[in-house]
Amino acid sequence: MNALAYMAAEVPENPLIPPIPELVIGLIAFFIVFGFLAKKLLPNINKVLDERRKQIEGRIEEAEATQAEAQQVLADYRAQLADARHEAARLRQEAQEQGATLIAEMRAEGQRQREEIIAAGHAQIEADRKQAALSLRQDVGKLATELAGKLVGESLEDAARQSRTIDRFLDEVEAKAASDTTKAEAGR
């Protein structure tokens with residue numbers, strides 16, 4: 001012990017460098033623990049890490065597949081929406097065309113009915129004018145016959161004579177009115 005104590009007294013100890021026997025024992029223990037860990041624990045750790053990596057990759061692939069499917073559904077939806085818009089525009093155009101056709105038909109029908117009403121009105125006016133002229137002719141003839149009878153002093157009650165006289169008188173009146181109308185038109 002003397003030699004050891006003497007050596008220990010002569011060499012000052014460095015606190016950063018451990019004694020060699022402790023260093024050798026520590027290295028042997030480290031390699032034993034490192035070997036145990038490398039043999040038993042490291043494969044289990046690698047196995048767990050591989051399983052987690054595979055799960056993550058699987059989830060990424062699933063997410064990519066889901067995203068691709070979502071993109072496809074979105075593209076289909078957009079295509080359907082575009083088709084629906086085109087169909088709506090086509091239906092709107094057809095409705096406008098049908099509306100324009102219907103309006104044109106209704107206008108034509110209204111024009112036809114208006115023409116019929118006007119024609120019926122003209123026909124009614126013409127019939128009323130003829131009836132009024134006939135009635136007026138009879139009344140004027142009757143008055144003319146009575147007046148002529150009073151002027152001549154004899155009775156003009158004979159129907160045939162009365163009819164001839166009335167017709168002759170009215171023909172003269174109409175001829176005079178026609179000649180006056182012709183002169184007025186020529187003067188224009």
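Arg129 and Glu126 both lie in helix 2, where 3 residues, about one turn of the helix, separate them.

Me: How should I read that pair, and what joins the side chains of Arg129 and Glu126?

Reply: The general idea is that side chains of opposite charge can pair when their charged atoms come close. In this predicted model, the side chains of Arg129 and Glu126 meet in a salt bridge, with 2.4 Å from N to O. Arg129 counts as partly exposed because its relative accessibility is 47%, and Glu126 likewise counts as partly exposed, at 32% relative accessibility.

Me: Turning to aromatic side chains, how many aromatic pairs does the structure hold, and how is each to be read?

Reply: A pair of aromatic rings is described by the distance of the centres and the angle of the planes. The structure holds 2 aromatic pairs. In one of them, Phe30 and Phe31 are edge-to-face, with 5.6 Å from centre to centre and 65 degrees between the planes. In the other, the ring centres of Phe30 and Phe34 are 6.0 Å apart and their planes stand at 20 degrees, so this pair is stacked, the cut-off for stacking being under 30 degrees.

Me: Where do Phe30 and Phe34 sit relative to each other along helix 2, and is Phe31 buried or exposed?

Reply: Phe30 and Phe34 are separated by about one helical turn, because they are 4 residues apart in helix 2. Phe31 counts as exposed, since its relative accessibility is 54% and the cut-off for that class is over 50%. Taken together, ring pairs link Phe30, Phe31 and Phe34 into a cluster.

Me: Which residues form the nonpolar patch on the surface, and how accessible is Leu37?

Reply: The patch is formed by Val33, Phe36, Leu37, Leu41, Leu42, Ile45 and Leu49, which together have about 620 Å² of accessible area. Leu37 is found in helix 2, and with a relative accessibility of 36% this residue counts as partly exposed.

Me: Returning to charged side chains, how many salt bridges does the structure hold, and what is the N to O distance for Arg112 and Glu116?

Reply: The structure holds 8 salt bridges, among them the one in which the side chains of Arg112 and Glu116 meet at 2.2 Å, N to O. Both of these residues lie in helix 2, 4 residues apart, about one turn of the helix. Arg112 is partly exposed at 37% relative accessibility, and Glu116 is also partly exposed, with a relative accessible area of 44%.

Me: Which residues are linked with Arg53 in a network of salt bridges, and how far apart are the closest N and O atoms of Arg53 and Glu57?

Reply: Asp50, Arg53 and Glu57 are linked in such a network. Within the bridge between Arg53 and Glu57, the closest N and O atoms are 3.6 Å apart, and the cut-off for a salt bridge is within 4 Å. Arg53 and Glu57 both lie in helix 2, 4 residues apart, about one turn of the helix. Each is partly exposed, Arg53 with a relative accessible area of 41% and Glu57 with one of 38%.

Note on methods. Residues are numbered from 1 along each chain as its sequence is written. This is a predicted model: local features need pLDDT of at least 70, side-chain atom pairs count only at pLDDT 80 or more; totals for chains, interfaces and linings use all residues. Side-chain values use heavy atoms; hydrogens and water are left out. Rings of Phe, Tyr and Trp (its six-membered ring) pair if their centres lie within 6.5 Å; planes under 30 degrees apart count as stacked, over 60 as edge-to-face and the rest as tilted. Buried means under 20% relative accessible area, exposed over 50%, partly exposed in between (1.4 Å probe, protein chains only). Helices (H or I, at least four residues) and strands (E, at least two) are DSSP runs, numbered from the N terminus. Patches are made of residues with over 30% relative accessible area and no salt bridge: like charges are joined within 9 Å, nonpolar side chains (Val, Leu, Ile, Met, Phe, Trp, Tyr) within 5 Å. Accessible areas come from the Shrake-Rupley method with a 1.4 Å probe; for residues, only the protein chains shown count as cover.
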